[in-house]
Amino acid sequence: TLVTRLALANRDARRPFRALELAARGVARFPGDARLYGVYAQLVRAESDTVVPRGLALFPKAADLHALAARDLKARGRAEEALEFTRRAVELDSTLPQGVLTIAQAEFDLGRPDSALASLGRAMARGEDTTLVTQFALAKGNALLRAANATKARGDYERALRFFALADSARSTPQSKFLLGTAALSVSRAALEDAPKAFTAGAKEERRALARLGTTTMAAARAGLTAGQELAPDAAQQYLGYLDQMGPYAERQVTTFCAGLPAATTAGGPAPGDAPQSTPPTVPPAASGARSDRGGSP
């Protein structure tokens, strides 16, 4: 009873450390006292809500406390505030473990994949573990590629491709090569399909740019699929076969849009508006999700 009253009296006197110390010692000495344990639980809960804000007031330049505050805010669903506290923590201590990767994760969760990609680039520049950077980039690239397969939008495929390219530059593996090739193939197809549909004020230049994009990403797709075909040999061969089908169509677009020749004057190959009749095979789950979804987030 005395310990319980002393703990509560110190709490009311705004001596939280002393109150918690007394309660903790009392629980250890009298483990069968339910009321004392209840007071201890109340004090611990009160401290959990105030200890980090109090610490930040006392030590405004403590990176660890900012990181703790970020975790607390994220757990409460206040993601935007959590991101700001994480950024401040990294500013205060550039050696904070996986600090920039945590920023990238928060940005991705907030629907800002381009910002997350930029943060990954900074993580590499700061010397973060390349294995972690690669796993993260592959995991997020996979998520973006699945979303792009639903929208069929060229910009969505390009965003996924940028994540795979960063992963491959951080640590090249058959998986990063294969996924890079897969995304590049989708970008190429989308660009070649979009080129004849360009009817904006600058349509001529837009068509040229799309035709060039389609051909350059075809080369990247072929290189990636060839280098990573051990990951999924059957799918890689299907993809490479589809690239062979796209070749004449891409050449025709370059000739027509980049050289300025009308479609009717060049023999051979399909007309610029006629895309290949077949469609790329679906990436098998073993390839699109191969191990990169584990350990991809800090």
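Tutor: Let us begin with a definition: rings of Phe, Tyr and Trp pair if their centres lie within 6.5 Å. Please keep in mind that this is a predicted model.

Student: How many aromatic pairs does the structure hold?

Tutor: A pair of aromatic rings is described by the distance of the centres and the angle of the planes. By the cut-off just stated, centres must lie within 6.5 Å. The number of aromatic pairs in the structure is 3.

Student: Is the pair of F178 and Y239 stacked, tilted or edge-to-face?

Tutor: The centres of F178 and Y239 are 6.4 Å apart, with 40 degrees between the planes. Planes under 30 degrees apart count as stacked and those over 60 as edge-to-face, with the rest as tilted. The pair of F178 and Y239 is therefore tilted.

Student: How many residues apart are F178 and Y239?

Tutor: F178 belongs to helix α10 and Y239 to helix α12, so the pair links distant parts of the chain. F178 counts as buried because its relative accessibility is 0%, and Y239 counts as buried at 3%.

Student: With which residues is L243 in contact, leaving aside its neighbours within four places in sequence?

Tutor: L243 is one of the residues with the most contacts inside the largest core. Once its neighbours within four places are left aside, the partners of L243 are L185, M218, A221, R222 and L225.

Student: How many of the 11 residues of α6 are buried?

Tutor: Among the buried residues of α6 are V100, L101 and I103. What covers them includes α5, α7, α8 and α9. Helix α6 is largely enclosed by the rest of the structure, because the number of its residues that are buried is 9.

Student: How far apart are the end C-alpha atoms of α9?

Tutor: Helix α9 has 17 residues, and at 1.5 Å a residue it should span 24 Å. The distance between its end C-alpha atoms agrees with this, because it is 24 Å.

Student: Which helices do the buried residues of α9 pack against?

Tutor: The buried residues of α9 include Y157, L161 and F164. The helices they pack against are α6, α7, α8 and α10.

Student: Which residue forms a salt bridge with D194?

Tutor: Side chains of opposite charge can pair when their charged atoms come close. The closest N and O atoms of this pair are 3.0 Å apart. D194 lies in helix α10 and its partner in helix α9, so the bridge ties together parts that are 40 residues apart in sequence. The partner of D194 is R154.

Student: Is R162, which meets D114 in a salt bridge, buried, partly exposed or exposed?

Tutor: The side chains of R162 and D114 meet at 3.7 Å, N to O. Buried means under 20% relative accessible area and exposed means over 50%. R162 has a relative accessibility of 37%, so it counts as partly exposed.

How values were computed
Residues are numbered from 1 along each chain as its sequence is written. This is a predicted model: local features need pLDDT of at least 70, side-chain atom pairs count only at pLDDT 80 or more; totals for chains, interfaces and linings use all residues. Side-chain values use heavy atoms; hydrogens and water are left out. A nonpolar core is a set of buried Ala, Val, Leu, Ile, Met, Phe, Trp, Tyr and Cys residues joined through side-chain atoms within 4.5 Å. Buried means under 20% relative accessible area, exposed over 50%, partly exposed in between (1.4 Å probe, protein chains only). Contact means heavy atoms within 4.5 Å. Rings of Phe, Tyr and Trp (its six-membered ring) pair if their centres lie within 6.5 Å; planes under 30 degrees apart count as stacked, over 60 as edge-to-face and the rest as tilted. Helices (H or I, at least four residues) and strands (E, at least two) are DSSP runs, numbered from the N terminus. The expected span of a helix is 1.5 Å times one less than its number of residues. A salt bridge is a side-chain nitrogen of Lys or Arg within 4 Å of a carboxyl oxygen of Asp or Glu.
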